[in-house]
Amino acid sequence: MSVADITQLRTARRRRDAALLAAGLYVAIIAALLPAFSVIAPGAWVAGAAALSAAVLGAGLLVRLAHLPAVVATIIEAAVWIVGLTLLFGRSTALLGVIPTPATFATVPGLLSGASEEIRLGVAPVPPEAGLSFLLVAAVGALALVLDHVVLTARMPLLAGVGLVAVSLIPTIAIPSDVDVAGFVLLAASLLFLLRIDTRARAAAPAPRRPSARAPGRLGVSATALAVAVVAVIVAVVATPLLPQPGLRFATGGSGGTGTTINPNLELGNDLRQPREVDVLIVRTTAPTAPYLRAVTLSRFDGAVWSPDSSDTVPVPGDGAVFSPVETDADIARVDWTTDVTVDALDSPWLPVPYPAATVTGLDGEWLGMPQNRTVVTRAGSTRDQQYEVQASVPRPTLEQIRSRSVGDPGLSADVSALPADVPSVIGDTAREVTAGTSTPYDALLAMQTWFRSSAFRYSLDAPVDAGFDGAGLDAVADFLQVRAGYCVHYASAFAVMARSLGMPSRIVVGYLPGTASSIPQQGGTEYTVTSSQLHAWPEVYFQGIGWVPFEPTNSLGVPTNFASGSTSNGGATPTTPEQDAAAPDAQPSSAPSSADRGDVGAVETGAAATSARPGAAWVPVGIVVLALLVAAFVPALLRVVRRRRRLNAAGAGDAVAAWTALREDAMDLGIPAPGAESPRAFAARLVEEHGVAADDADLLREALERVSYAGDAPDPAHGPALAAAVDRVRAGLLARATPARRALARVLPRSLVVRPGAVDAERESASVG
């Protein structure tokens with residue numbers, strides 16, 4: 001081979017490796033972004049980020065193919081990044097739509113400020129507006145630029161992998177959720193691909209080598225890398241979910257030990273199923289009983305997900321006067337209550353407050369109020385260690401007053417009444433059946449509440465998991481109405497959707513149940529302790545002239561809504577709702593139910609808290625582990641079959657080197673040493689003398705190899721079938737003379753996948769088996 005041919009071969013190889021590295025890096029970046037969809041709603045920004053990163057990597061690849069310096073690649077990639085962002089977000093102020101002007105750069109601070117507000121006030125998954133979309137696209141493009149130089153210039157793909165894994169973990173840390181298996185597998189595969197391409201490029205010899213010296217090493221490394229990759233993915237995907245789960249979702253910030261969060265996405269099941277319980281709030285109130293504490297309201301429902309409300313906000317001033325009193329008809333009585341809250345192990349941006357809050361005083365940091373739903377969120381910071389006082393002016397209609405009111409109001413958002421077109425018929429049919437015979441909206445809602453709290457339903461944290469409807473979408477609601485067992489999310493979702501099917505505006509509230517009263521008398525009201533297990537969800541319905549009225553459909557939990565008649569001796573001053581005090585004398589709020597109250601099957605006491613055991617599913621983890629081990633056990637055998645088939649195909653085409661390599665690998669699998677210092681003639685003679693190989697087959701393969709190695713003969717396709725047949729006959733003879741245990745070991749754990757023929761370890765015969 002001439003010097004020119006060698007140079008041309010090296011150039012082609014470098015270009016191929018550069019293209020493969022760029023493509024693998026692009027796939028890895030996209031895979032690292034997939035978990036972000038749990039925090040940022042997918043939209044146009046995804047296409048923009050994918051296009052910009054592809055443009056940046058493509059520009060860098062073209063520069064490298066042109067053999068220009070790395071600094072030129074940096075300059076061109078940065079220019080492509082700026083032009084791309086201008087095209088996507090600054091066309092109106094740019095020359096020709098792509099060349100940024102001073103006016104274009106002047107819009108960047110506004111976009112970043114808008115992104116900051118969306119991040120601070122948004123709730124996952126945040127639908128990105130212009131500011132956040134700009135930030136996301138710019139960040140992905142910059143990430144592509146930096147990693148391009150890490151992988152292709154500095155040749156450090158492992159460092160790039162660390163960065164991409166960190167990027168993929170950020171959304172999971174921000175909003176604890178299940179692992180995105182598809183994204184993980186894609187990211188793992190792309191990173192392993194980058195490492196393999198980089199390793200192959202580094203291992204490339206500076207001078208041409210004989211095929212007999214090159215092929216075994218490459219194929220051996222490839223097979224080993226593939227085996228490690230497959231086993232690693234199987235272990236990560238199958239074994240990781242079987243590891244013990246933490247007692248709580250811990251959060252950072254504040255002092256003290258552990259903390260818990262509020263999940264605004266109606267995924268409370270995992271939080272409620274935690275075996276450990278901690279005190280999260282201390283509440284002291286002047287009300288006769290403890291109030292419900294609301295944190296987040298959810299009005300938008302797309303048929304699958306209830307989305308937290310995001311509306312106009314007002315700053316919480318120093319005097320705490322956040323909201324004006326609820327607008328009610330003049331004949332509706334009001335009562336003012338004061339509630340003091342001390343936060344312990346709760347780390348959340350949403351502040352638990354009683355409804356309807358008017359003033360909130362004593363908060364540290366920047367806080368915002370949402371007048372539409374009377375909730376309070378932090379601009380920056382957390383509820384951890386907050387101590388605050390809430391004044392609430394509570395409407396107290398009588399039974400006659402609420403029965404006389406209609407539901408809805410022209411000023412309400414359409415979100416609180418909207419339903420998808422494909423609502424399962426069982427939901428509407430059940431709502432009409434349960435409310436048949438009622439004459440007012442309130443009576444209909446009371447009938448639904450009574451039905452849900454009857455013996456026809458039971459509280460269970462496990463039934464929705466076992467039956468596969470652990471969610472709040474339409475399908476989960478339909479299944480819940482059939483199974484009639486679930487927890488607060490299912491009751492609240494079913495009630496709200498059934499109310500909307502009857503034309504009643506409804507929404508869901510996430511917060512905390514009333515706490516447990518302290519036995520020690522306190523000045524300024526009764527003190528209650530709220531625990532992590534009292535995280536709760538309940539529905540509300542809007543009545544004209546009264547406002548949002550909460551209901552409590554969850555079986556065995558909380559205080560059911562019930563209004564007293566105005567003709568009672570109390571003069572109508574004792575109506576009852578879950579968030580209002582006027583409970584009937586025997587209707588005290590309950591804490592989270594015991595195992596008996598829940599009706600959970602197989603409840604088991606663990607320490608001071610109760611968790612549930614599912615005997616029927618006890619075999620599932622063991623079965624998964626066994627299946628994973630079986631799959632992992634067959635991976636080496638499968639890889640060996642694939643590689644041997646490739647060797648025989650090449651031998652059948654006349655490649656004597658491939659035929660000889662296949663022979664040596666077959667020998668190694670059966671424990672026959674294949675040292676590199678031994679000549680082909682000596683190795684063939686040893687196979688004949690010590691292992692019973694037919695001399696004709698051994699000589700045929702040896703002579704073909706010597707003609708290629710020493711005479712420089714080109715592969716002869718005419719001799720290919722004879723070479724492949726000789727390899728098969730030699731292998732059959734070796735297998736026939738081996739013990740059954742040795743044959744089984746050769747198939748299940750082929751040694752040639754780990755040690756290539758000619759390596760130092762190939763000189764030692766493996767320990768005898770059987």
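Biologist: In which loop is serine 556 found?

Modeller: This is a predicted model in which local features need pLDDT of at least 70, side-chain atom pairs count only at pLDDT 80 or more, and totals for chains, interfaces and linings use all residues. Residues are numbered from 1 along each chain as its sequence is written, and side-chain values use heavy atoms, with hydrogens and water left out. Helices (H or I, at least four residues) and strands (E, at least two) are DSSP runs, numbered from the N terminus. On that numbering, serine 556 is found in the loop between β17 and α17.

Biologist: Is serine 565 buried or exposed?

Modeller: Serine 565 has its place in the loop between β17 (547-550) and α17 (595-598). Buried means under 20% relative accessible area, exposed over 50%, and partly exposed in between (1.4 Å probe, protein chains only). Because its relative accessible area is 17%, serine 565 is buried.

Biologist: Which side chain does that of serine 565 join in a polar contact of 2.5 Å?

Modeller: A polar contact is a pair of N or O atoms within 3.5 Å; within protein, one must be able to donate a hydrogen and the other to accept it, and residues adjacent in sequence count only if both atoms are side-chain atoms. At 2.5 Å, the side chain of serine 565 is joined to that of glutamate 400.

Biologist: How many residues apart in sequence are the parts that the pair of tyrosine 442 and phenylalanine 563 ties together?

Modeller: Rings of Phe, Tyr and Trp (its six-membered ring) pair if their centres lie within 6.5 Å; planes under 30 degrees apart count as stacked, over 60 as edge-to-face and the rest as tilted. The structure holds 18 aromatic pairs; one of them, tyrosine 442 with phenylalanine 563, is edge-to-face, at 5.6 Å centre to centre and 75 degrees between the planes. Tyrosine 442 lies in helix α13 (residues 441-452) and phenylalanine 563 in the loop between β17 and α17, so the parts tied together are 121 residues apart in sequence.

Biologist: What is the phi of histidine 67?

Modeller: Most residues other than glycine have a negative phi. Histidine 67 is found in the loop between α2 (44-65) and α3 (70-89), and counts as exposed at 52% relative accessibility. Although not a glycine, histidine 67 has a positive phi of about 60 degrees.

Biologist: What is the omega of the cis peptide bond from tyrosine 355 to proline 356?

Modeller: Proline 356 lies in the loop between β6 (350-351) and β7 (357-361). The bond from tyrosine 355 to proline 356 is cis, with omega near -5 degrees.
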